[in-house]
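I opened the notebook on this model with two topics in mind.

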Amino acid sequence: MSDTYPPSNLAAIDAAHHLHPFSDMKKLNAEGTRIIERGEGVHIFDSNGKKYLDGFAGLWCVNIGYGRREIADAVARQMNELAYYNTFFGTTSPPTTLLAQKVTSKAGPRFNHVFFTGSGSEANDTWLRMARVYWAAVGRPEKKTVIARRNGYHGSTVAGASLGGMKYMHEQGDLPIPGIVHIGQPYWYGEGGDLSPAEFGLKVARELEEKIDELGEDNVAAFVAEPVQGAAGVIIPPATYWPEIDRICKARNILLVTDEVICGFGRLGEWFGHQHFGVEPDFAPIAKGLSSGYLPIGGLLVSDRIADVLIGEVGDFNHGFTYSGHPVCAAAALENLRIIEEEKLVERVRDDIGPYFAQKWGALAEHDFVGEAQSIGLMGGLQLAADKKTRTRFEKPDAIGALVRNHALANGLVLRATGDRMLASPPLVISHEEVDEMARIARIALDAAWKELRG
Ligand SMILES: Cc1ncc(COP(=O)(O)O)c(C=O)c1O
């Protein structure tokens with residue numbers, strides 16, 4: 001039991017008072033929530049003392065692992081110095097400004113500015129407005145519509161959920177809002193049919209061109225996509241996809257937005273996902289790995305093309321959040337980036353632990369239950385299949401994924417399930433032995449689920 005928060009009836013208190021995100025509360029209250037009390041390295045510990053290897057880095061975010069004293073110290077120092085100040089009225093604080101310099105220095109020459117937010121969702125809201133402001137400022141106010149993707153995820157605010165292409169989110173709250181339309185996703189396993197992955201990658205990329213034609217190029221502001229779809233199930237696009245998207249956006253004068261909220265800060269073995277795929281976005285929302293989740297902070301990387309107009313032509317951009325550039329969150333993020341640099345975590349993912357993970361995770365494809373086991377950097381997706389030879393899916397995908405996830409949990413490994421795909425995204429500091437342990441428990445979970453289903 002936690003010494004700091006001693007009540008032993010926390011689950012009952014939680015059931016009585018706490019509404020959880022993305023949760024069926026009746027079911028959760030009946031089952032009781034798991035209370036996570038402590039974290040160390042890649043492990044978390046619940047209130048019963050059970051230890052789990054966190055194969056999901058919290059929610060794709062704890063890149064440097066849990067329990068880093070350096071961050072706690074940096075936060076305490078900043079809190080004692082200046083616990084809060086805003087960035088609205090001609091002010092800033094030292095860590096906020098230094099973070100702006102540091103984060104843009106990692107994003108390549110096209111990005112020299114960042115607009116801070118409190119979260120990834122807010123970062124997506126920010127570019128949606130900024131893109132329209134930009135087009136209006138350059139005399140193209142009719143360029144307003146945004147093209148996004150089915151099964152994309154860009155957050156839970158009204159704009160974020162509208163930009164996302166999750167049907168189950170659109171069904172609640174009358175979404176998407178007007179001015180946002182969706183095209184297909186590069187999900188070859190599920191939707192590629194008889195095409196090769198390369199052919200399918202080109203085909204779905206060209207849906208962008210078709211949609212631009214349908215809407216009229218003069219009406220389209222931007223296209224947004226995650227470099228690798230995360231919440232949809234770690235869907236790694238075929239190699240043909242991104243170059244074609246980049247080409248189309250440039251040819252049609254459409255802004256490209258790569259949502260880096262998951263892929264940023266080393267997860268794919270580069271500082272940002274767009275660098276891995278060699279594309280040139282105009283905006284890049286960031287969050288999560290920016291502070292490794294130690295404190296909430298997000299931002300929007302703004303390319304010079306946009307920033308020059310915003311600074312030179314627009315005047316006030318009437319947008320911002322109380323916690324934009326929060327000094328304590330910025331101090332945590334600065335220290336986090338220092339650790340990522342000093343420990344060469346990005347290079348480690350690219351050259352060492354990423355390839356090792358690919359080998360171990362990829363080997364899970366041998367299992368009768370697994371249709372495909374893909375990874376990129378330290379992001380893995382495992383497609384469960386009823387018949388792997390014919391790429392036949394299970395009738396109740398959610399139940400299958402949940403079954404494997406629960407067996408993994410029971411055996412001490414946190415994986416996430418999205419329908420019939422298992423998702424992994426461990427901290428970037430994970431060791432070779434811990435990757436072995438992840439693969440070992442994942443296999444146990446697959447075996448146990450297979451036995452339960454097939455007897
Ligand atoms: C790609 C992507 N964009 C945006 C978000 C939203 O970020 P937040 O939950 O910080 O608002 C997420 C969250 O998972 C995400 O995965």
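I count a polar contact as a pair of N or O atoms within 3.5 Å; within protein, one must be able to donate a hydrogen and the other to accept it, and residues adjacent in sequence count only if both atoms are side-chain atoms. The model is predicted, so I note that local features need pLDDT of at least 70 and side-chain atom pairs pLDDT 80 or more, while totals for chains, interfaces and linings use all residues. Numbering runs from 1 along each chain as its sequence is written, and side-chain values use heavy atoms, without hydrogens and water.

**Ligand site.** A backbone N or O atom of Gly 120 sits 2.9 Å from one. For Ser 121, a polar side-chain atom is 2.5 Å away from a ligand oxygen. The side chain of Lys 288 places an N or O atom 2.9 Å from a ligand oxygen. The protein covers 83% of the 390 Å² of accessible area that the ligand has on its own (Shrake-Rupley method, 1.4 Å probe). I listed the shell (a heavy atom within 4 Å); among its residues are Asn 124, Tyr 153, His 154, Glu 226 and Asp 259.

**Domains.** I found domain 1 (34-64 + 344-454) and domain 2 (71-342), with bounds from an automatic or database domain assignment. The contact (heavy atoms within 4.5 Å) takes 37 residues from domain 1 and 38 residues from domain 2. Their C-alpha centres are 26 Å apart. I looked for polar contacts across the interface and got 20 residue pairs, both residues at pLDDT 80 or more.
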